[in-house]
Amino acid sequence: MSTKNTGFQEEKVLKAVSGFGMLFLIVLVMIVSILIPALNSTRPVIGPVLWMIGILLFCIAFVFLFGLKVIHPNEALVLTLFGNYYGTLKHDGFFWVNPFCTAINPTAKQPAEQTAAAGTRSGAAAQSVNKKVSLKTMTLNNEKQKVNDELGNPIEIGTVVIWKVKNATKAVMNVENFKDYLSIQCDAITRNAARRYPYDTSEGGDEKSLRGSSQEVADIMKQELQEKVEDAGISILEVRITHLSYAPEIASAMLQRQQAAAIIDARQKIVEGAVSMVEMALSKLNDTQIVELDEERKAAMVSNLLVILCGNKDAQPIVNSGSLY
């Protein structure tokens with residue numbers, strides 16, 4: 001049993017006939033079809049025949065009007081003829097194609113229905129406009145979603161995808177709705193990236209994190225998303241992480257944790273600086289021999305200096321009029 005190839009054939013760009021020439025020809029045929037029945041004939045049989053010829057020519061010219069197509073810049077029109085792929089109009093201009101060709105664009109169904117329901121314009125007109133596939137650069141705003149990071153912490157993450165259709169034929173033929181397809185793939189890639197990286201790196205860690213390496217993670221997401229939507233004829237230009245935070249239920253606890261870590265880091269720096277200053281003071285006193293300090297007096301001096309340098313409040317001076325002994 002033979003296996004059918006699921007990959008779609010190469011895109012065929014139509015070299016359509018100029019619409020202006022065909023429009024002139026159609027109008028000319030319509031005028032001729034109107035003038036033919038007006039010809040006088042002495043034979044009574046010829047009159048009805050002329051009328052039939054005139055009506056037939058007018059109907060043919062009217063049908064040919066449906067083959068006129070206007071393509072704006074950065075637009076494409078994918079056409080089928082009796083269920084078979086006919087070609088794609090990609091160049092902007094005024095063209096004429098086979099009037100029996102049908103333009104397809106699955107993403108045009110919903111806007112056409114919404115417009116018809118609103119009653120602002122006819123559904124057929126909206127459907128005609130929306131059948132064209134836009135090749136312009138567009139933005140997909142992927143709203144924030146709650147996921148778990150690598151450590152299992154619930155976080156909220158949102159992304160923005162800048163994309164465009166590079167192959168209108170693939171976008172229309174290979175997937176049911178390329179906009180919905182892109183949105184779903186973006187959700188999956190975002191969740192997958194959030195599960196593979198922690199929200200923040202641990203102390204002294206050099207691994208990637210969602211907060212510290214957001215640009216690198218976004219580049220990885222862009223590459224993975226491009227691989228997923230390649231068959232849909234979509235080009236991913238950029239992926240950005242626009243929202244990143246802990247989920248509300250653990251946000252306060254994580255804030256306290258960050259505050260505690262900041263206090264510990266600050267205290268560590270203060271202690272390191274105080275010890276260095278005490279060591280420098282003792283070294284200077286010993287070098288200049290201003291006063292000789294035994295071990296007990298050195299210990300008392302170190303204690304007093306550490307209290308002064310590491311304390312949160314200003315030190316209160318105490319005058320000692322006696323002796324240590």
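A residue counts as buried when its relative accessible area is under 20%, as exposed when that area is over 50%, and as partly exposed in between (1.4 Å probe, protein chains only). Helices (H or I, at least four residues) and strands (E, at least two) are DSSP runs, numbered from the N terminus.

This is a predicted model, in which local features need pLDDT of at least 70 and side-chain atom pairs count only at pLDDT 80 or more, while totals for chains, interfaces and linings use all residues. Residues are numbered from 1 along each chain as its sequence is written, and side-chain values use heavy atoms, with hydrogens and water left out.

**Stop 1: helix H7**

Select residues 214–229, which form helix H7. Here Val217, Ala218, Met221, Glu224, Leu225, Gln226 and Val229 are buried. These buried residues pack against S9, H6 and S10.

Now click on glutamate 224, which is found in H7. Is glutamate 224 buried or exposed? Its relative accessible area is 17%, so glutamate 224 is buried. Contact means heavy atoms within 4.5 Å; leaving aside neighbours within four places in sequence, glutamate 224 is in contact with Ile189, Asn192 and Arg196.

**Stop 2: the sheet beside it**

Next, select strands S8 (138–148), S9 (154–165) and S10 (234–246). They form an open sheet in the order S8-S9-S10, with antiparallel pairing. Two strands pair if DSSP finds at least two bridges between them. S8 and S10 each have a single partner strand, so they stand at the edges, and one side of each is left without a neighbour in the sheet.

How many bridges join S9 to S10? There are 11.

Bring the helices back into view. H6 lies across S8, S9 and S10, running at about 40° to S8, and H7 lies across S9 and S10, at about 135° to S10. For these angles, axes are lines fitted to C-alpha atoms, for helices over the stretch in contact, and the values run from 0 to 180 degrees between N-to-C directions.

**Stop 3: the nonpolar cores**

A nonpolar core is a set of buried Ala, Val, Leu, Ile, Met, Phe, Trp, Tyr and Cys residues joined through side-chain atoms within 4.5 Å. The largest one has 35 residues, and those with the most contacts inside it include Val161, Trp163, Phe178 and Ile234. Among the elements that give two or more residues to this core are S9, H6, H7 and S10. H6 supplies the largest share, six residues.

Zoom in on isoleucine 234. Apart from neighbours within four places in sequence, isoleucine 234 is in contact with Trp163, Lys164, Lys166, Phe178, Leu182, Gln226 and Val229.

A second, separate core of 10 residues includes Leu14, Leu89, Cys101 and Ala103.

**Stop 4**

Select helix H1, residues 19–35. Its buried residues are Gly19, Met22, Ile26, Met30 and Ser33. They lie on the same side of H1 because they cover an arc of only 80° around the axis, taken from the directions from the helix axis to the C-beta atoms.

Finish at strand S5 (residues 93–96), which two bridges join to the antiparallel strand S1 (residues 17–18). Serine 18 stands opposite phenylalanine 95 in S5. Four bridges join S5 to strand S2 (residues 68–71), and these two also run antiparallel. There, isoleucine 71 stands opposite glycine 93 in S5.

Technical notes:
The expected span of a helix is 1.5 Å times one less than its number of residues.
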